[in-house]
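Please read the report below alongside the sequence and the coordinates.

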Amino acid sequence: MTSSTALLTDRYELTMLAASLRDGTASRPSVFELFSRRLSGGRRFGVVAGTGRLLGLVRDFRFGDDELRFLRDNDVVDAASVRYLEDYRFTGSIRGYREGELYFPGSPILTVEGSFADAVVLETLALSVLNHDSAVATAASRMSIAAGERPLAEMGSRRAAERSAVAAARAAYIAGFRSTSNLEAGRTWGIPTMGTAAHSWTLLHDSEEEAFRSQIDSLGTDTTLLVDTYDIPTGVETAIRVAGTGLGGVRIDSGDLPIVAAAVREQLDALGATETRITVTSDLDEYAIAALAASPVDAYGVGTSVVTGSGYPTASMVYKLVARQDAAGSWIGVAKASADKASHGGRKAAFRRIEDGVATAEQVLVADGFEKLDAPASAVEGRPLQVTFVDNGEIDSAHEGAAGTASAREHHLRVREELPVRALALSKSDPAIPTVYIDAE
């Protein structure tokens, strides 16, 4: 195995490349756009995530000896294409919405510009990353809104593929979660990690008290004890007897959580442990979290629901050619016209109209040409949504790594404040704001 990401793609990307090299269209300047026609699950907004990961994967999109050997041995492409791919480096430009930004149907989330050959081969990789990470981030943001000021921990690694788990932890953190149980996510992306003990720890010992004493000896009294392995009231009483009233927290992973949390809070207070926090887990999603809003819960741990997009594991994004030069060198907008899958051709610039601090519309300025889209005030007013990630093959590393992840989180929490009140509801509905297309020419 190599570090190359070049084969994390669909075969038809390379067969189109080969055909374009053969007919002379490979070098034709083109503009591809990644967008979503609709928001999955009737959600009212989406959250962009994955861009910082994608940039690193684009950097590693190289065809080394192993990759080229595979293509030759399996007759994927012809000899001319293999020679082209030997020196492949993405030399185009990529602009798009900042990671953590909100998006709506038709938002030009990512715009990839370059030759047809340069840009077409990135389709599968871009969609693979942004569809997954944006689905997780959108679900995580809804959970974060439902949780309010109470902290959320991501703990879904056992419900996802090993690399997807790391990506999901990152996306959840960007969208408002405060920590993760995944250590690789902590190492790679600088996310705070958390975790104490599972039921197996209690079951390992001859008694619950012995397990609690051992955990306290190892981690101190500020730890969180899991009190529902056997009987919850007994577990709470034992926890406070062992740790004292300064115990950091107890975790509940079963039962009717609103009822159980209230009973545990009452018991803790009666025992004098008024500052001991209550964390609940057990198959939580945004609806369950919202239902616990009035309960005496201090923190939430979410697993399966967040790493699977809470029932919608993809953001349904697509990657389409929207503009190209014709044989004479003139720019034209192109678009798919199929029923229910039509798209808007042309190169685009996006702005969010804000009135009194609240978002009211997604405004998309459209032009056929490749020229820079400077929106005149008479045409559109609003907060510009696009930044440059790659300029003529040079990647802006500010969006990568732990620093890029932290910046994306800060950006998301800031722009989420622009959402109208109706966007915060969990029920299915139309997008919170309309997408308005404006002809720039």
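## Basis

This is a predicted model, in which local features need pLDDT of at least 70, side-chain atom pairs count only at pLDDT 80 or more, and totals for chains, interfaces and linings use all residues. Residues are numbered from 1 along each chain as its sequence is written, and side-chain values use heavy atoms, with hydrogens and water left out.

## Sheet

The order of the open sheet of 7 strands is β13-β12-β1-β5-β3-β17-β18, with antiparallel pairing. Its edge strands, β13 (331-333) and β18 (394-395), each pair on one side only. Helices (H or I, at least four residues) and strands (E, at least two) are DSSP runs, numbered from the N terminus; two strands pair if DSSP finds at least two bridges between them.

Between β1 (residues 29-36) and β12 (residues 317-325) there are 7 bridges in the antiparallel sense. Phe32 has Leu321 in β12 as its bridge partner.

## Helices

Helix α6 (residues 123-147) packs on the sheet and touches β1 and β12, its direction making about 140 degrees with that of β12. Helix α2 (residues 51-59) lies across β3 (93-97), β5 (110-115), β17 (386-391) and β18, at about 15 degrees to β17. Axes are lines fitted to C-alpha atoms, for helices over the stretch in contact (heavy atoms within 4.5 Å); angles run from 0 to 180 degrees between N-to-C directions.

## Met317

Met317 lies in strand β12 and counts as buried because its relative accessibility is 4%, where buried means under 20% relative accessible area, exposed over 50% and partly exposed in between (1.4 Å probe, protein chains only). Not counting residues up to four places away in sequence, Met317 touches residues including Leu34, Phe35, Tyr103, Ile109 and Leu127. Val112 is 205 residues from Met317 in sequence and 14 Å from Met317 in space, C-alpha to C-alpha.
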